[in-house]
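My notes are below the view.

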Amino acid sequence: MRSTEEMLRLITDTAAGDENVRAAVLSGSRADISRPGDVYQDYDVAFLVKDLSPYFNNPCYIERIFGKVLIMQLPDLNDNPDLSLETAEHFTYLTIFEDGVRLDLTFTAVMPDWGNEPMKVLFDREGHLSDNLDNECYMVHQPTQEEFSACCNEFWWCLNNVAKGLKREEIPYAKAMFEETLRPQLNKIIEWYIGTISDFSVSTGKKGKYFKKYLPDSIYGKYLKTYTIADPGRIWTSVINTCKLFSDLAQIVAQDLGLNYNIDEEAGARLYMMNVKGGIYE
């Protein structure tokens, strides 16, 4: 596999050698100086160009410059098969090469908005850009009462759909509702709990990928047990354990941050869940 130095040199030299390229910017995890690097990190790169036409739907360009391709995705065409050069403002290649390097390269005629995501300028022909190496994108921020209450309400309300799906043995639905509605709220509570024990000074990463780093082993172990196989009995156990984990951490967060936790809301949701499980309403 090509080294980081080799790839960054190739990307920078490519941009500098093409008069059509105004700038090259690295973003994502490789621009985050707080994150230890490894060989699996993507190179998220944007080339700001004067004219998009040489790079629009031209995979041969990628292979000619960067090497033999194992697999490639063209997300802009996947999302919009009718996309044309006349209507496109950017064009992205997601590529894994035969040596295992992954490069996500976007050609754009319009300056991207990186928001709070870290970004490092690799090349700037006009000298107008500057680095943003602060990792604010996934930093844990202290919730307001409104944010905390909304998170808890969403978790306990959506629990009814998971319970009904399990009772009906509609496993794909129940699993989807758990992962798409309950887990995002559980993850928020996990993040806020990490914030309370770290003085809100750390990043938990995209979709909680640093949870293991910051959670006590006992809590992380309980979190992992919220993932389970597609067996109704095992899922019921996981959901009940998830409710306890959510409740325990939400009450810790509320106490530490001086927030109000609606215990009656939890009690009502859990009673309904157990009544559905026991067939009380049938």
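The entries cover helix packing, then a cavity, then a pocket.

I am working on a predicted model, where local features need pLDDT of at least 70, side-chain atom pairs count only at pLDDT 80 or more, and totals for chains, interfaces and linings use all residues. Numbering starts from 1 along each chain as its sequence is written, and side-chain values use heavy atoms, with hydrogens and water left out.

**Helix α8.** I took helices as DSSP runs (H or I, at least four residues), numbered from the N terminus. α8 has 26 residues and reaches 37 Å from first C-alpha to last, close to the 38 Å expected at 1.5 Å a residue. The expected span is 1.5 Å times one less than the number of residues. Gly-258 follows α8, with a positive phi near 70°.

**Packing with α4.** I checked α4 (residues 145–167) against α8 (residues 232–257): the angle is about 170° and the axes are 12 Å apart. Axes are lines fitted to C-alpha atoms over the stretch in contact, and angles run from 0 to 180 degrees between N-to-C directions. The pair is therefore roughly antiparallel (over 145 degrees). I then listed the contact (heavy atoms within 4.5 Å). From α4 it includes Phe-148, Phe-155, Trp-156 and Leu-159; from α8 it includes Ile-235, Trp-236, Val-239 and Phe-246. By class, the contact has 18 nonpolar, two polar and one charged residues. Ala, Val, Leu, Ile, Met, Phe, Trp, Tyr, Cys and Pro count as nonpolar, Asp, Glu, Lys and Arg as charged, and the others, Gly among them, as polar.

**Cavity.** How many cavities of 30 Å³ or more does the whole structure hold? I found one. On a 1 Å grid over the protein atoms alone, a cavity is where a 1.4 Å probe fits but cannot get out; a pocket is an open set with protein on both sides within 12 Å along at least five of seven lines; lining residues have an atom within 4 Å of a point. The largest cavity has a volume of about 40 Å³, the space filled by probe spheres set on the grid points, which are joined across faces, edges and corners. Its lining includes Lys-175, Glu-179, Ile-235 and Val-239. α5 (171–198) and α8 each supply at least two lining residues.

**Pocket.** The second largest pocket holds about 260 Å³. Glu-179, Arg-183, Lys-207 and Tyr-227 are among its lining residues. α5 gives the most, with five. By class, I get six nonpolar, two polar and four charged residues.

How values were computed: Angles under 35 degrees count as roughly parallel, over 145 as roughly antiparallel, 65 to 115 as roughly perpendicular and the rest as oblique.
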